[in-house]
Amino acid sequence: MAGGLGEEIWHLGLALGLGLLIGLERGWSQREEAEGQRVAGLRTFGVIGLAGGMIGLLAERTDWLVLAAAFPSFVVLLVFAFSRGQDPEGRHGATTLFAALATFVIAIAAVVFDPSLAVAAGVVLTILLGLKRPLHHALEKLRQDELLAVLELLLISAVILPVLPDRAFGPFEALNPYRIWLMVVLVAGVSFVGYVAIRLFGARRGPLLTGLFGGLVSSTAVTLALSRLARQPGADPSALAAGAAIASSIMFWRSLLIVFIVNPALAGELALPLLAAGAIGGVVSLAVAGFDRNAPTEFAPGNPMHLLQAVEFGLFLGLIGFLAAALRDWLGDTGVYVLAPIAGLADVDAISLSLASMSMGDLAANVAASGVLLAALVNTFVKQGIALVLAPRAMAWRMALPLAAALLTGAALRVFLPVALF
């Protein structure tokens, strides 16, 4: 250690403090146990932290063999102490044992490696230990399909994405496997966040939460679900219209978020019309559609994370990217304006991602921005059409005004005030 005695004392104090921090949580969690049945608490973890710091300091001052001998010795001593501390019913789990082992390692790191990293690890460990009840409660509510969804999200992001080639293939060099799949991961992640929000907070709290969180998953799915609900006896068409209109308004913000992650410069071009369209649509839907927070609406979206769906969206995204490049090569910028409304009939994400990627090349930002907005406007018309076909007229016409307000706001700002906010 290059520092002097003062620095060594500081590092030892840090190791002790981290042990006391972790011990504070362990002692609090065992506060109802009898005095002789507590496995380890505040003082024990403080001693472990100090001991780890001293071992690290001795290893630096003398020989690293000290550390090699101390670590297994500590593990044996810890297991022995833990086994002696078990109550006759064996109620104590292994969490405290492994927490003590982690504390020992963190204390050593505070002295011989990186104090800031040790502090971060100690804080994270303490938080993780303190989240026992919420984590267990979440596991109790977790369904098998949701667990598989998490694993599939990790598969497409951490396993498949890194091995894909990051270079262009095919005609017009429009197909980049890595970038296409990165967009798949992005959209799947946004959709999964919305799904988790609905699962955590519940859609029965009213159309507002249904629209807010459901719009992150799929505003089209929300419109379909609420339109069908509106035909059930006793349904409140005003509240259901509000929920569907809010979801459609959130779609504008979702599109802006996706574009921003891919191409912040293009997002600046789109920020004013998309932010305003979403805000005006949401406000008018609450004011005109008669939002009632106590309306007993239910929306249970299907899990948005399925590997087959991810592959299908990747293929669709690749097709949109190819068509955008081909039409632009054939028709120039006019090709973007031809493709955008066609793509918007089915999905806004794919064309938004394609144009955001193309605008980082030779596609003018104003053309790309107009194409994204055009697709969003057409997609909004589609959702109004869904309500007109599936929902009672009382709901469909209540949706019309907020959606029209959003459409007119976005279009007018794009045409008459085409400025970039950032």
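This report looks at the aromatic pairs in the structure above.

## About the model

This is a predicted model, where local features need pLDDT of at least 70, side-chain atom pairs count only at pLDDT 80 or more, and totals for chains, interfaces and linings use all residues. Residues are numbered from 1 along each chain as its sequence is written, and side-chain values use heavy atoms, with hydrogens and water left out.

## The tilted pair

There are two aromatic pairs here (rings of Phe, Tyr and Trp, the last by its six-membered ring, pair if their centres lie within 6.5 Å; planes under 30 degrees apart are stacked, over 60 edge-to-face, and the rest tilted). Take F71 and F104: their ring planes sit at 35 degrees, so this pair is tilted, with 6.3 Å between the centres. It ties together distant parts of the chain, since F71 is in helix α3 (residues 65-85) and F104, 33 residues apart from it, is in helix α4 (residues 95-112). Helices are DSSP runs of H or I with at least four residues, numbered from the N terminus.

## The stacked pair

F74 and F104 are stacked, with 4.0 Å from centre to centre and 10 degrees between the planes. This pair also links distant parts of the chain, with F74 in helix α3 and F104 in helix α4, 30 residues apart.

F104 has 2% relative accessibility, so it counts as buried (under 20% relative accessible area; exposed is over 50%, partly exposed in between, using a 1.4 Å probe and protein chains only). F74 is buried too, at 12%, while F71 is partly exposed at 33%. Together, F71, F74 and F104 make up one aromatic cluster.

How values were computed
Helices (H or I, at least four residues) and strands (E, at least two) are DSSP runs, numbered from the N terminus.
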